[in-house]
Amino acid sequence: MKTIFLSVGLAGVCLLSGCFDHREAPRRLERFDSLETARESRESAEELRLVDQNLTALPPETGTFTKLEKLLLRGNKIASGWEALASLKKLETLDIAINGLAAAPPVVAELPALRVLYLSDNALTQWPESLCNLPALEYLNLDRNAITSLPAQFGELKKLRWLRLNDNPLISLPDSIGELKSLERVYLRRNKLILVPASLKSLPKLEDLVLDENPIADVPEWVFELPALKNLNLSKTQVTTLPANIGQSVTLRALDLSGCKISIEERARIRAALPKCFITF
C-alpha cells in the first residue's frame, strides 16, 4: 500500500479543516428534495431542497413545514410568495442565491433562528435596515451583487462571524462594522475600496481579511496590530510597501501579495519581519 502525502498552504489547511473552531460532525437532518416527497413527513421534515426547479413563486405550502431548519431555494426565479417563510420560526439556514432578486425579501427579518443566509449572485443594490435585526445570524453571503453601501444599522448583527461581500462596488464600510465583536472573517474581494476600512481595526476576533483586487495603495499600521489576524490577502492591489510595524503581528500565518509591485528589497524586509508567515509575492 502506498502512502500519499498532500502538501497544502496555510490557506488550504484552513479550508480543509473547516470554517470555525468546532469540528464535530453536523447533525443529519431529515432531508427532502421536493414538496411531493416531503408531504407525508410534514411534521418532521427538517431540510427541504428546491434547487434549480425554475420556480417563479415560493409555493404557499412551504410555510406548513414548520420544523424546517434548512431551506435551499438556490437557482430559481422566485419573485413572489416569500410570505410563506414567516411561519418557519426554526429555520436556521436559508439559501436564496441566484434568484434574480433586486431586493432582499423583507420577511427574512421574521426568522429569529436564522444563522446562515445566502443571497449571493442576485441583483441587490442595498442591504435593508430591517434585516439588521437578525439576532442569531452568523454567516452572511452577499457575493456578486451590486451593493454600493451598507447601512449604519449593520452593526446590530452582533453574532455575525463571517461576512462575504466579494464582487460588489463598495467604496467603504460603515463605522458600525467595528461593533461586530464576533466577526472572524471578512471577504471584500474585487470591490472599489481605496482604503482599508478603518472600522475593521476594532475587531478583536478577526482572523481572515481578504482585500485582493481593490485599488488599495496603503496598508495602515493597525492591520498588523489586529490581535487574531491569521490570513491577509492583498493580492493584485496597488500596495508597494508595508508599514514598519509588520513584525508586530505574532498571529499572521499567510500573507498574499501576489500581483503587487513589491521591490526585491521590500520583499526581503517583509520576509525577515515575518519569519513564521507563509508569504506569496
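This report walks through the nonpolar cores and the salt bridges of a predicted model.

## The cores

Let's start inside. The largest nonpolar core has 78 residues, and the members that touch the most others are Leu94, Trp127, Phe154, Ile177, Leu242 and Leu255. Take Leu242: setting aside neighbours within four places in sequence, its contacts are Val219, Phe224, Leu234, Leu255, Leu257, Glu266, Arg269 and Ile270. Another core, this one of five residues, lies apart from it, with Val116, Tyr139, Trp162 and Val210 among them.

Glu266 counts as buried because its relative accessibility is 9%, under 20%. Arg269, at 30%, is partly exposed.

## Pairs across the chain

The whole structure holds 19 salt bridges. Side chains of opposite charge can pair when their charged atoms come close.

Arg39 and Glu61 form one, at 2.8 Å from N to O. They are 22 residues apart: Arg39 is in the loop between α2 (35–38) and β2 (47–49), while Glu61 is in the loop between β2 and β3 (70–72). Arg39 is partly exposed, at 37% relative accessibility.

Then there's Glu138 with Arg115, whose closest N and O atoms are 3.4 Å apart. Glu138 is buried at 17% relative accessibility, whereas Arg115 is partly exposed at 32%. Both belong to a network of salt bridges that also links Glu92, Arg161, Glu184, Arg185, Glu207 and Asp208.

How values were computed:
Residues numbered from 1 in each chain as written. Predicted model: local features only at pLDDT ≥ 70, side-chain atom pairs only at ≥ 80, totals over all residues. Heavy atoms only, no water. Core = buried A, V, L, I, M, F, W, Y, C linked by side-chain atoms within 4.5 Å. Buried < 20%, exposed > 50% of the residue type's maximum accessible area, 1.4 Å probe, protein only. Contact = heavy atoms within 4.5 Å. Salt bridge = Lys/Arg side-chain N within 4 Å of Asp/Glu carboxyl O. Helix = DSSP H or I, 4+ residues; strand = E, 2+ residues; numbered from the N terminus.
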